[in-house]
Amino acid sequence: MMALDKVFTAEGSPNIALIKYWGKRDERLILPCNSSLSITFDRKAMRTVTSVMFSKRLRKDIFYLDGKKQDLDDKDIKERFAIVEKMRRIAKTDARVAVVSQNYFPTASGLASSASGIATLVYVINKALVLGLSTKEMSIIARQGSGSASRSLLGGVVVWNKGKRHDGKDSFAQQLFKEDYWPELIDNIVVVSTGKKKVPSRAGMRATVNTNPLFKQRASSAQSRLAEIKKAFKAKDISKVAECTIADSNEMHALMLSTIPSIRYLNAASYAIMDAIEELNAMEGKTIAGYTFDAGPNANIITIRKYQGKVTRVLSQLEKRGMISYVKTSGLGEGPRMLPESRSLIKKSMLGR
Ligand code: 2P0
């Protein structure tokens, strides 16, 4: 039985794609043109905490994000919030919900806040409404809120299979390696800007698919690179992992650049980071670190523990030049988990009663 008027709280974390998702074959169901691969961040580095309470006493749904009440009539928020309605239908309830979500990292700065937020929301609602959904089923629902959210339901190294079906039932994320698979692996989350991004990913992807003739090549290129990086992870070969990561990030940003009108998320600091990492690899005579950028100027630099000192040195030089505001490190993290009731973020004043 679902518990009304009881608060459920969970935490989850974002993921960073090393093989990127950029372009949909179905916009309504959020089905991608190619499979993607990501690593889930450690909760110590970045996390989202989300509380939900379903109640018949609420007049309407309430949503607070990072302390601010959100307008559920806003088109973008409404589109994503539709997954709540979907889960309510599965539970056969019309109880309204209060959702309070807090990101412990900068929102809308290309740091995958929607992935973490939506994955955590689906996870906590599954518990609150006692739906008993499998991770696969939750991944399919989260995908329809935000493609990259499908991957944040799992920890470690994760692959979101694009699937072939028109109904999307075979398009969900699966764990490739558990979070304890490669303890030496380190991701440096390099924040150069906390400003809001210019073009939302959704609109950017649509423009790329619709206007860019180069996009035709993307699916086959991403699929073969995915096969290559999977092998590299299996062999724990950091050079190969880093080379695939760099190549895929650059391919995606080249596609963005050549979209009409051109989409450019990288800035001077991003290019300075690319230069510095490439210089480091050249000095070492092999690839010891790889960079990747999402829909924003912030970088993720992956390496392994024995090279971390060198990466840190390079990044602190950039910090001294004012190119970087801060760096956080993360290993492979776990998927979402429940928190005790005492961790509730819902305050009486938010419920408007
Ligand atoms: C990714 N990104 O694979 C890629 C790389 C950004 C660059 O997925 O339209 O918020 O909600 O499915 O998942 C960001 O886009 O887009 C994203 P929708 P989403 O992580």
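Select tryptophan 182 and phenylalanine 233 in this predicted model: tryptophan 182 is buried, and phenylalanine 233 is buried as well. With both side chains shown, the ring centres lie 5.8 Å apart and the planes stand at 90°, so the pair is edge-to-face. Tryptophan 182 belongs to the loop between strand 11 and strand 12 (185–191), whereas phenylalanine 233 belongs to helix 5, so the pair ties together parts that are 51 residues apart in sequence.

Now move to another of the aromatic pairs, of which the structure holds six. Select tryptophan 22 and tyrosine 265, which are arranged edge-to-face with 6.2 Å from centre to centre and 85° between the planes. Here the chain segments are distant, since tryptophan 22 sits in the loop between strand 2 and strand 3 (24–26) and tyrosine 265 in the loop between helix 6 (238–257) and helix 7 (268–284), 243 residues apart. Tryptophan 22 and tyrosine 265 are both buried.

Next, colour the open sheet, in which four strands follow the order 2-5-10-11 with antiparallel pairing. Strand 2 (15–19) and strand 11 (173–177) are the edges, each pairing on one side only, and from one strand to the next the twist averages 35°. Inside this sheet, strand 5 (residues 36–40) and strand 10 (residues 157–160) are joined in the antiparallel sense by four bridges, and serine 38 can be found opposite valine 158 of strand 10.

Strand 6 (residues 48–55) runs antiparallel to strand 9 and is joined to it by eight bridges, with valine 52 partnered by valine 99. Strand 7 (residues 62–65) pairs with strand 9 in the parallel sense over four bridges, and there isoleucine 62 has alanine 98 as its bridge partner.

Finally, select leucine 351, in the segment after strand 16 (337–339). Is this residue buried or exposed? Leucine 351 counts as buried because its relative accessibility is 12%, which falls under the 20% cut-off. Leaving aside residues up to four places away in sequence, leucine 351 touches Met53, Leu58, Ile62, Ala98 and Ile346. Showing arginine 59 as well brings up a residue 292 positions away along the chain, whose C-alpha atom is separated from that of leucine 351 by 9.5 Å.

Terms used:
Residues are numbered from 1 along each chain as its sequence is written. This is a predicted model: local features need pLDDT of at least 70, side-chain atom pairs count only at pLDDT 80 or more; totals for chains, interfaces and linings use all residues. Side-chain values use heavy atoms; hydrogens and water are left out. Helices (H or I, at least four residues) and strands (E, at least two) are DSSP runs, numbered from the N terminus. Buried means under 20% relative accessible area, exposed over 50%, partly exposed in between (1.4 Å probe, protein chains only). Contact means heavy atoms within 4.5 Å. Two strands pair if DSSP finds at least two bridges between them. Axes are lines fitted to C-alpha atoms, for helices over the stretch in contact, and angles run from 0 to 180 degrees between N-to-C directions. Rings of Phe, Tyr and Trp (its six-membered ring) pair if their centres lie within 6.5 Å; planes under 30 degrees apart count as stacked, over 60 as edge-to-face and the rest as tilted.
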